[in-house]
Amino acid sequence: MAKRLRDNLNSDYFSAANKLKPKMARRRIAAYVESYDDIFFWRSVLSEFEDDTRYFEVMLPSKVNLSKGKKQVLMNLVSDNVGEDLIACVDADYDFLVQGVTKTSEKVIHNPYVFHTYVYAIENYQCYAPSLHNVCVMATLNDHQIFDFEEYLRQFSQAIFPLFVWSIWYYRSTKYTDFTITDFNKVIETGHFTLANAADGLANVRHKVGRKIIQLQKENPEAKASYLALKDELKALGVTADTTYLYIQGHHLYDNVVAPMLGKVCDRLRREREVEIHNKAVHHTQMRNELSCYEHSIESVSAMLKKNTGYTRSKPYNRLRSDLSHFLSHLPPSRETEATAPPPQAEPTPTPLPSQQSQEPLPASQDQ
């Protein structure tokens with residue numbers, strides 16, 4: 001049993017705290033997130049909706065035992081306590097796509113005070129293909145586009161999409177342990193990435209996916225109709241063959257696909273810039289100073305990828321913004337913001353100035 005009031009924080013607690021503030025003070029809405037890594041993302045999302053009437057405070061669900069890292073923990077802690085002054089912000093994982101099959105999924109997609117990323121996790125947003133060239137520029141200060149990230153991830157997505165449908169099919173069924181997310185990730189591994197063998201890696205993925213699909217079809221001969229129906233449903237939910245990478249496990253995409261790819265590209269761009277400095281330097285001292293200045297100006301790929309906010313142009317992110325906008329537009333005021341005004345009174349009739357007052361006519365003079 002909790003011994004302190006702060007151990008039982010819920011929306012009513014924050015609502016009561018708001019009512020104790022001065023009438024013109026901004027309303028505080030607490031936003032609970034899963035882990036430290038999520039704080040910056042959700043702060044970036046929610047700050048757009050702050051104004052002179054409200055603000056958000058992003059925090060972990062417990063300042064006492066530091067519970068974090070598992071969405072199930074967050075859901076168990078706050079799912080029954082959320083409300084107008086306390087919201088939960090989580091990764092969608094597969095919970096959005098399985099559409100209420102599990103208890104956690106039910107809470108994620110149906111609770112109006114729980115907001116999710118739509119894509120699998122924050123890492124998927126950070127790996128948003130149209131933004132990756134800018135990440136390279138931030139990391140290398142070289143704007144030479146030597147690799148087509150969008151085309152690569154489009155082809156990667158097309159290659160894995162049929163197997164991804166099977167992954168969701170298993171996750172929705174009672175046989176989900178027969179083909180887990182870990183099993184799916186092993187099949188879609190691209191192997192060691194180099195700029196020279198990028199196409200070979202994709203061809204290898206297509207080959208492995210094709211073999212696995214044949215195996216799953218043999219093991220589930222009755223599943224054709226349900227598979228095709230699920231495929232159409234996923235498309236209706238926003239998953240397309242070109243954007244499947246946004247919905248696979250975020251850590252796998254980040255660690256095994258995008259980060260190694262960006263690392264190779266950025267290595268090439270840095271060498272290119274260093275060669276340019278070497279060729280343009282008038283003498284050795286100038287070259288050494290320029291190289292030193294360049295090395296101190298560039299950043300690590302990992303740091304820039306984590307700070308990437310180019311995903312704000314993506315459709316899933318705009319769906320998240322729409323959900324938050326809808327929630328806030330229906331949010332009633334927590335208290336009166338203005339004192340009750342006195343009833344209007346009729347304006348008094350102004351007293352005319354002496355020069356404007358009407359005067360009785362003087363009697364006509366009479367001759368004596």
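In this predicted model, the axes of helix H12 (residues 250-280) and helix H13 (residues 284-297) come within 9 Å and cross at roughly 155 degrees, where axes are lines fitted to C-alpha atoms, for helices over the stretch in contact, and angles run from 0 to 180 degrees between N-to-C directions. Because angles over 145 degrees count as roughly antiparallel, H12 is roughly antiparallel to H13. Helices here are DSSP runs of H or I with at least four residues, strands are runs of E with at least two, and both are numbered from the N terminus.

The table lists the residues that make the contact, meaning heavy atoms within 4.5 Å.

| Helix | Residues in the contact |
|---|---|
| H12 | Leu-269, Arg-270, Arg-273, Glu-274, Ile-277, His-278 and Lys-280 |
| H13 | Gln-286, Met-287, Glu-290, Leu-291 and Tyr-294 |

Turning to the whole chain, its secondary structure comes to 15 helices and 4 strands, and of its 368 residues 43% count as buried, that is, under 20% relative accessible area with a 1.4 Å probe and protein chains only. Among contacts with a separation of 6 or more, 79% are accounted for by residues 24 or more positions apart.

Pro-112 is found between helix H5 (103-110) and strand S4 (114-116), and has a relative accessible area of 52%, so Pro-112 is exposed, a term used for values over 50%. The C-alpha atoms of Pro-112 and Glu-84 are separated by 9.4 Å, although these residues are 28 apart along the chain.

Residues are numbered from 1 along each chain as its sequence is written, and side-chain values use heavy atoms, with hydrogens and water left out. Local features need pLDDT of at least 70 and side-chain atom pairs count only at pLDDT 80 or more, whereas totals for chains, interfaces and linings use all residues.

Note on methods. Angles under 35 degrees count as roughly parallel, over 145 as roughly antiparallel, 65 to 115 as roughly perpendicular and the rest as oblique.
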